[in-house]
Protein chains: 2
Amino acid sequence: MSPTTPADVFDHNLGWSLAVLLRRWHEHVERALAELPHGSRGYHVLCATIGSEPPTQAGLAERLLIDRSVMTYLLDDLEAADLVRRRVDPRDRRARRVCITDHGQVVLAQARSLVDHVEERLLGGLPPQQRALFRSAASDAAIAVQRAAPDIDPCEAVLQVTGRAEEAEAG
Amino acid sequence: MSPTTPADVFDHNLGWSLAVLLRRWHEHVERALAELPHGSRGYHVLCATIGSEPPTQAGLAERLLIDRSVMTYLLDDLEAADLVRRRVDPRDRRARRVCITDHGQVVLAQARSLVDHVEERLLGGLPPQQRALFRSAASDAAIAVQRAAPDIDPCEAVLQVTGRAEEAEAG
DNA sequence: CCTGAATCATTTGTACGGCAAACGATGTTT
DNA sequence: AAACATCGTTTGCCGTACAAATGATTCAGG
């Protein structure tokens with residue numbers, strides 16, 4: 001009946017799907033974590049501090065895809081709220097290791113629970129088992145992409161727009 | 001061995017996964033579509049114009065999650081490049097229907113091919129069959145979320161941070 | 001040991017994009 | 001006909017990202 005159904009259009013649009021999902025995720029999480037210094041940003045930082053070794057600011061910035069300069073403000077506020085502490089790395093006194101505080105761990109646990117809830121509702125349109133599948137697939141893909149970040153660069157094909165504007169204007 | 005492996009941390013972080021994937025998608029697509037007036041934005045607009053009926057600017061803005069005012073600039077440039085045309089809706093002369101031009105369709109086809117290529121590489125970390133699964137799951141979830149956008153609002157739980165900062169300072 | 005290059009974190013300044021409000025034009029309701 | 005709502009455009013403001021300069025520290029080489 002319809003030459004191209006809407007679903008057909010979006011079917012292929014991974015970029016659009018990701019944008020929509022991330023946007024809604026961000027909206028809801030931002031609302032739920034309004035009390036946390038930088039909302040979702042702060043949450044991501046707290047999450048990243050519970051690895052085996054406290055990350056440096058640079059490492060943190062790289063993982064969270066934000067600029068080093070932004071990380072400074074972020075940590076300033078998180079530290080002021082007693083959620084993390086900056087500790088000078090004894091082996092490289094230029095670097096500051098970001099350690100989560102006891103209070104930070106408590107807050108993180110609460111935040112994580114809220115975020116989980118948001119995410120469940122976000123994927124509410126998917127049948128339960130497909131939800132878990134999607135989550136793990138997204139995680140796998142993201143980790144792989146993050147690891148291979150610099151590799152994929154080698155300049156790919158680029159759109160060549162034949163200047164057709166004038167011709168159309170004339171016609 | 002490690003108390004909490006990195007994978008463990010990210011496993012649960014749907015937000016982080018989406019952010020990473022979307023970021024990389026955006027970077028690559030932006031590079032590939034540098035010639036297109038607003039890069040990925042312009043691409044999304046072109047994609048959205050090939051439905052059964054040409055969308056209005058407002059509808060377009062809503063679907064693409066951008067402000068109406070931004071859409072104006074976007075369409076100005078796309079129209080200048082002869083990729084789309086604004087046509088006054090005869091049934092509602094306030095509204096402008098955004099129609100793709102012949103030239104626009106050619107460019108869109110090229111762009112789509114490039115974007116597909118980017119997306120395949122983006123999901124390169126996933127086994128082939130999981131790729132297709134992920135794409136369709138993302139699409140389904142996004143469409144569902146987009147449709148239920150206003151519904152989910154009813155104020156959810158919110159983080160309560162017990163002001164522990166002073167106490168810690170004192171201690 | 002001393003010097004120069006490199007890295008980490010911070011600061012400063014600039015530019016871009018989103019968001020809100022105001023406006024004119026058109027459509028809808030009473 | 002009048003009041004109100006909607007669409008698109010314009011304007012202005014603000015927050016954020018990004019680039020560059022700075023100070024502290026480490027590393028490499030003579």
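Predicted model: local features only at pLDDT ≥ 70, side-chain atom pairs only at ≥ 80, totals over all residues.

Me: Which helix gives the most to the surface near DNA strand C?

Reply: That is H5(A), with four residues. Helices H4 (57–64) and H5 of chain A, together with H5 of chain B, each supply at least two residues of this surface. By class, the surface near DNA strand C has five nonpolar, five polar and eight charged residues.

Me: How many residues surround DNA strand D, and which are the closest?

Reply: DNA strand D is surrounded by 17 residues, and the closest are Arg93(A), Gln57(B), Ala58(B), Ser69(B) and Thr72(B). H5(B) provides the largest share of the surface near DNA strand D, namely four residues. At least two residues each come from helix H5 (68–80) of chain A and from H4 and helix H5 (68–80) of chain B. This surface divides into five nonpolar, five polar and seven charged residues.

Me: What rotation superposes chain B on chain A?

Reply: A rotation of 180°, with 0.0 Å of shift along its axis, brings chain B onto chain A with an RMSD of 0.1 Å. The two copies are therefore related as by a two-fold rotation axis.

Me: How many residues of each chain take part in the contact between chain A and chain B?

Reply: In this contact, 73 residues of chain B meet 73 residues of chain A. On the side of chain B that touches chain A, at least two residues each come from several helices, including H2 (14–32), H6 (102–122) and H7 (128–147). The residues on that side are 45 nonpolar, 17 polar and 11 charged. Since 100% of the interface residues of chain B are also interface residues in chain A, the copies meet through the same surface.

Me: Which residues of H4(A) and H5(A) meet?

Reply: Gln57(A), Ala58(A), Leu60(A) and Ala61(A) in H4(A) meet Arg68(A), Met71(A) and Leu75(A) in H5(A). Five nonpolar residues, one polar and one charged make up this contact.

Me: At what angle do helices H3 and H4 of chain B cross?

Reply: The axes of H3 (residues 40–48) and H4 (residues 57–64) of chain B cross at roughly 120° and come within 11 Å. H3(B) is therefore oblique to H4(B). The crossing is right-handed as H3(B) passes H4(B). His44(B), Val45(B) and Ala48(B) of H3(B) make the contact with Leu60(B), Arg63(B) and Leu64(B) of H4(B). By class, four residues of this contact are nonpolar, one is polar and one is charged.

Me: How do H2(A) and H6(A) pack, and what is the handedness of their crossing?

Reply: H2 (residues 14–32) and H6 (residues 102–122) of chain A pack at an angle of about 145°, their axes being 10 Å apart. Their crossing is right-handed. Leu21(A), Arg24(A), Trp25(A), His28(A), Val29(A) and Ala32(A) in H2(A) meet Leu114(A), Val115(A), Val118(A) and Leu122(A) in H6(A). This contact has eight nonpolar residues, one polar and one charged.

Conventions:
Residues numbered from 1 in each chain as written. Chains lettered and ligands numbered in written order. Axes fitted to C-alpha atoms, helices over the stretch in contact; angles between N-to-C directions. Parallel < 35°, antiparallel > 145°, perpendicular 65-115°, else oblique. Left-handed = near helix turned anticlockwise from the far one by under 90°. Contact = placed C-beta atoms within 7 Å. Nonpolar A, V, L, I, M, F, W, Y, C, P; charged D, E, K, R; others polar. Near = placed C-beta within 6 Å. Least-squares fit on C-alpha atoms with pLDDT ≥ 70 in both.
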